[in-house]
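Please look through the sequence and the model shown here before reading on. The paragraphs below are meant to be read with both in view.

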Amino acid sequence: MKLSFLIYLNLFLSIFLISCEKEDVNEEATAANVTELNYTARNSSFCKFNLNGVQANARIGLTCVIDLNGDNLKLPPNVELRYSGGSITNGTLTLDGGIIDSRLMNKNLTIKGNFMLRDNKFILHPSQWNFVEGRVSKATAKTNKETLQDLIDDAKSYGATRFEIDSFDAYFEIGDPTGRVVPENAAIKLPSNFTLKMTSKTHLRVQPNNYKKHTLLSITGGNDNVVIEGGNLYGDRDEHDYSSGGTHEWGHILQVKGTSNSTIKGVTFRNATGDGLNISGIYHYFDQRHIASQQILVKNNKFYNCRRINMSITSGNHITVENNTFVDGGIHTDKSKGAAPRCNFNIESFRRWEHGVVGSTLKEYEKVSHVYVRNNTQKGRGRFLTHHGDGPIIYEGNNMESAISFQYANGVEIKNNTFKGSPASAANGNAITAGVANTTEHPLVFGNKVYGNQISGYMTGINVGGHDVKIYNNVISASNGMVIGDGRGDGLIKAVINNNTINADKYGIRARKLLKDVTIKDNIVNANSLPLYLVDINKNAGQENAKLIVTNNTLRGKLSNTTYPSKKSKIGNSNGIDFKLNKVNGGMEVVGSKNLLINNNTFNSQNMHGVRFLTITTTNSRITDNKFNLSNNFECIKKDVTLNSSVVMSNNSCN
């Protein structure tokens, strides 16, 4: 009788396991389809068998529900439990060196013992846990957050390196009302060596709140080698309570703070109260405890309508931002105003000169360097800005509707980007702002370059000021081609502007203020108004020896049919300009200037004088060796004002 029972039991288990193995094979066959694999339809039917007689080393694929009836089932060594639509519930399961598919786990099953997750991953089925999807109360959103955090932590403790979420739409209460817990630690935190994989059906949302600082997700605490892939993440900007006052600009969706070798890819960020993604460090840069964010890849993501900045870097190095889409960073909505600086992308490390004296001891609270921003698409409002940063900082191959700018930075290269202005940028914007006029002597501004860019549809193509910049090989079609030295501050020192092609509706190149050790050469400038407009250059006390060199340029009207019409250029109220070896299709007006050299240029004109002196006398200048080819009785050198005897004219050829 005993022998017959054992034969019968072995026969039953053989049939059961063969059936399970067949289901296992079917499951393996669909592994290429992640959604189908993760969300095989659940079977709510109870099994007609239990697991009490399972042998060691068995592999079992469950297609139905095992009810443990409150018992503690202890499995023999090395049993593998696989998911084929079933589950185990209502009790405790103790494994001995086995493997379990996470989809069998749920809120009504306690698992003990020594085990691993199948494929080292946890696949979330929200219905199996204490989640409530959709609009919920603050208390329920808090439970959602705690449940997800517990599952992530448990999965990590089980050896999981991957956490997958598919169809899920829920709100999460994050932040600390007391303000004692920093936002990244009150967020949903991801551990080291871990991947959070979501799909287009995954929607994680910030529960509307009134916190001045909060974060939905974070990678922090030195947790390295983290990947966040896919999914939709939402802030609460248009449902946020701003009534407590202040800017509320620190409500982020994702903070990457003190991590290495981590990747953010394929994620959609929307409507942060502050920034969609912020990358920073732990402790100040000067603190020996500082943990940098480094070797970070941000790729193939989409950013929409974040209230302050779609993405910011405040501290970190070796960060690559590529193939992302940035839309309307900092834009106003009907329910909330954008917060300064209202950008799509911003590098903004905080550092301070001791006693506020520029050039004294620099204290770096944050530091950004080695950032590569390439092949991204920017739409609508919101520029890419480097406010403070150390090179290399490279902007390359981006498609822009707004601007790329740098201010207090060095080693910035803006190269080979395409700018096509939107209506907003066409009305009042620059495509590129290369420095600012108040940084001419700034020790942190040097070694910047702007080259190979294609620009069309802006009020101004390139606006340049500050110190030590090279601008070359750009093709510009704009209302104003290039503006130099404009804005608050002194102007521009140590710059070369060469080999650019400019087509302008108004000014080709317009410059003012201090231009010291600046060379404008080898450019082709076509303008409907003035190809070259130099006014108020080097006129102030202390600027007597400053020198601007304008050489070997082609200056003419904008192409009309098959000809370039004659247009006048102007030098007014300026000092220290060498204008030489240029080809001018038109003429030059000179008003009240000094220390000019107009030498060896060729002027061709059919409708204006060659060089014309107007209004206020010019002094200490030389007009020599120029060639004038004029028609219709225009004068090569026209004097509408009596010239000072210090103006020398010689060897000019007039035809």
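Predicted model: local features only at pLDDT ≥ 70, side-chain atom pairs only at ≥ 80, totals over all residues.

Residues are numbered from 1 along each chain as its sequence is written, and side-chain values use heavy atoms, with hydrogens and water left out.

Rolling a probe the size of a water molecule over the atoms shows where empty space is left. On a 1 Å grid over the protein atoms alone, a pocket is an open set of points where a 1.4 Å probe fits, with protein on both sides within 12 Å along at least five of seven lines, and its lining residues have an atom within 4 Å of a point. The largest pocket has a volume of about 800 Å³, a volume being the space filled by probe spheres set on the grid points, which are joined across faces, edges and corners. Its lining has 36 residues, and those nearest the centre are Lys-213, Trp-250, His-252, Gln-255 and Lys-257. Two or more lining residues come from each of α4 (183-186), β14 (213-220), β17 (250-257) and β20 (275-280), where helices (H or I, at least four residues) and strands (E, at least two) are DSSP runs numbered from the N terminus. The largest share, 4 residues, is given by β17. By type, the lining of this pocket divides into 11 nonpolar, 14 polar and 11 charged residues; Ala, Val, Leu, Ile, Met, Phe, Trp, Tyr, Cys and Pro count as nonpolar, Asp, Glu, Lys and Arg as charged, and the others, Gly among them, as polar.

Beyond residues up to four places away in sequence, Ser-87 touches several residues, including Arg-42, Cys-64 and Gln-128, a contact meaning heavy atoms within 4.5 Å. Ser-605, in strand β52 (residues 602-605), is likewise buried, with a relative accessible area of 4%. Leaving aside neighbours within four places in sequence, Ser-605 is in contact with Ser-566, Gly-586, Asn-629, Leu-630 and Ser-631. Ile-393 lies in strand β31 (residues 384-396) and is buried at 0% relative accessibility.

A pair of aromatic rings is described by the distance of the centres and the angle of the planes. Rings of Phe, Tyr and Trp (its six-membered ring) pair if their centres lie within 6.5 Å, and planes under 30 degrees apart count as stacked, over 60 as edge-to-face and the rest as tilted. The whole structure holds 19 aromatic pairs. One of them, formed by Phe-115 and Tyr-158, is tilted, at 4.9 Å centre to centre and 45° between the planes. This pair links distant parts of the chain, 43 residues apart, with Phe-115 in strand β7 (residues 109-117) and Tyr-158 in the loop between α3 (138-157) and β9 (162-165). Phe-326 and Phe-345 form an edge-to-face pair, 6.5 Å centre to centre with 70° between the planes. Phe-326 is buried, with a relative accessible area of 0%, and Phe-345 counts as buried at 0% relative accessibility.

Definitions and conventions
Buried < 20%, exposed > 50% of the residue type's maximum accessible area, 1.4 Å probe, protein only.
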